Amino acid sequence: MEAFRQIEVEKFVQKSVVFLQQNFADWCADKEQEAIEAFIHGIIAFGEQYEIRKQLNLQKLMHFKITYEFDVPLVEHLEEILSQVETNESYRVKCFYKSLLNKELPVKKEEKMDEFDWWE
């Protein structure tokens with residue numbers, strides 16, 4: 001069963017490489033195929049954390065990661081959206097996207113300054 005799953009994952013990875021090359025050519029331009037595949041595997045693992053397994057939703061997460069450059073681990077309000085695993089995954093991905101569009105909410109964690117940085 002696991003071998004079958006791996007075959008399906010690899011088919012999805014190859015399909016997603018084409019998707020990214022066609023839709024995010026600039027992002028892919030300076031990357032080797034292995035780096036693009038690693039990114040896709042990272043998104044699959046990220047989605048698995050939140051029980052997001054539909055291929056379309058995973059490709060949407062790829063799009064969002066490239067476009068909005070959200071931090072992983074997620075900032076609190078984004079984490080809250082995806083963590084509601086009892087809610088339909090497509091609905092959570094849609095809400096996640098709407099939150100990314102809200103310019104007033106951060107997508108990156110604030111860097112904490114060392115308390116002694118001001119001294120230097």
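**Entry 1: a first residue**

Does Glu 48 count as buried, partly exposed or exposed? I found that Glu 48 counts as partly exposed, because its relative accessibility is 33%. On this scale, buried means under 20% relative accessible area, exposed means over 50%, and partly exposed lies in between (1.4 Å probe, protein chains only).

I note the basis of these entries. The model is predicted, so local features need pLDDT of at least 70 and side-chain atom pairs count only at pLDDT 80 or more, while totals for chains, interfaces and linings use all residues. Residues are numbered from 1 along each chain as its sequence is written, and side-chain values use heavy atoms, with hydrogens and water left out.

**Entry 2: the chain as a whole**

I looked up the secondary structure and found six helices and zero strands. Helices (H or I, at least four residues) and strands (E, at least two) are DSSP runs, numbered from the N terminus. Read along the sequence, the pattern is α-α-α-α-α-α.

The C-alpha trace spans about 55 × 40 × 25 Å along its principal axes. Of the 120 residues in the chain, 32% are buried.

I then turned to contacts, which are heavy atoms within 4.5 Å. Among the contacts with a separation of 6 or more, 61% join residues 24 or more positions apart.

**Entry 3: salt bridges**

How many salt bridges does the count come to? The count comes to four, where a salt bridge is a side-chain nitrogen of Lys or Arg within 4 Å of a carboxyl oxygen of Asp or Glu.

- Glu 48 forms a salt bridge with Arg 53, at 2.9 Å from N to O. Arg 53 is partly exposed, at 48% relative accessibility.
- Glu 8 forms a salt bridge with Lys 11, and their closest N and O atoms are 3.4 Å apart. The two are three residues apart in helix α1 (residues 2-23), so about one helical turn separates them. An α-helix has 3.6 residues a turn, so residues three or four places apart point the same way. Glu 8 is partly exposed at 30%, whereas Lys 11 is exposed at 52%.
- Asp 30 forms a salt bridge with Lys 31, with the closest N and O atoms 3.5 Å apart. Asp 30 is exposed, with a relative accessible area of 64%, and Lys 31 is partly exposed, with 28%.

**Entry 4: helix α5**

Which residues of helix α5 are buried? In this helix, residues 76-83, the buried residues are His 77, Leu 78, Ile 81 and Leu 82. Seen down the axis of α5, they fall within an arc of 130°, so they line one face of the helix. The arc is that of the directions from the helix axis to the C-beta atoms.

The face turned away from the buried side of α5 carries the exposed residues Glu 76 and Glu 80. The cover over the buried residues of α5 includes α3 (33-49) and α6 (89-101).

I also looked at the loop between α4 (55-68) and α5, where Pro 73 has its place. Pro 73 is exposed, with a relative accessible area of 55%. From C-alpha to C-alpha, Pro 73 and Phe 46 are 9.2 Å apart in space, although 27 residues apart in sequence.

**Entry 5: Arg 92**

Arg 92 lies in helix α6. I found that Arg 92 is buried yet has no salt bridge, and that Glu 89, the nearest side chain of opposite charge, is 5.3 Å away. For charge, Lys and Arg count as positive and Asp and Glu as negative; His and the chain ends are not counted.

What does the side chain of Arg 92 reach at 2.8 Å? It reaches the backbone oxygen of Tyr 50. Leaving aside neighbours within four places in sequence, the contacts of Arg 92 include Tyr 50, Glu 51 and Ile 52, as well as the α5 residues Ile 81 and Leu 82.

**Entry 6: the cysteines**

I searched the whole structure for disulfides and found zero; a disulfide is a pair of cysteine sulfur atoms within 2.5 Å. Cys 28 counts as buried, at 7% relative accessibility, whereas Cys 95 counts as partly exposed, at 23%.

Cys 95 has its place in helix α6. Cys 95 and Leu 78 are 17 residues apart in sequence and 9.0 Å apart in space, C-alpha to C-alpha.

Terms used. Polar contact = N/O pair within 3.5 Å; in protein donor to acceptor, adjacent residues only side chain to side chain.
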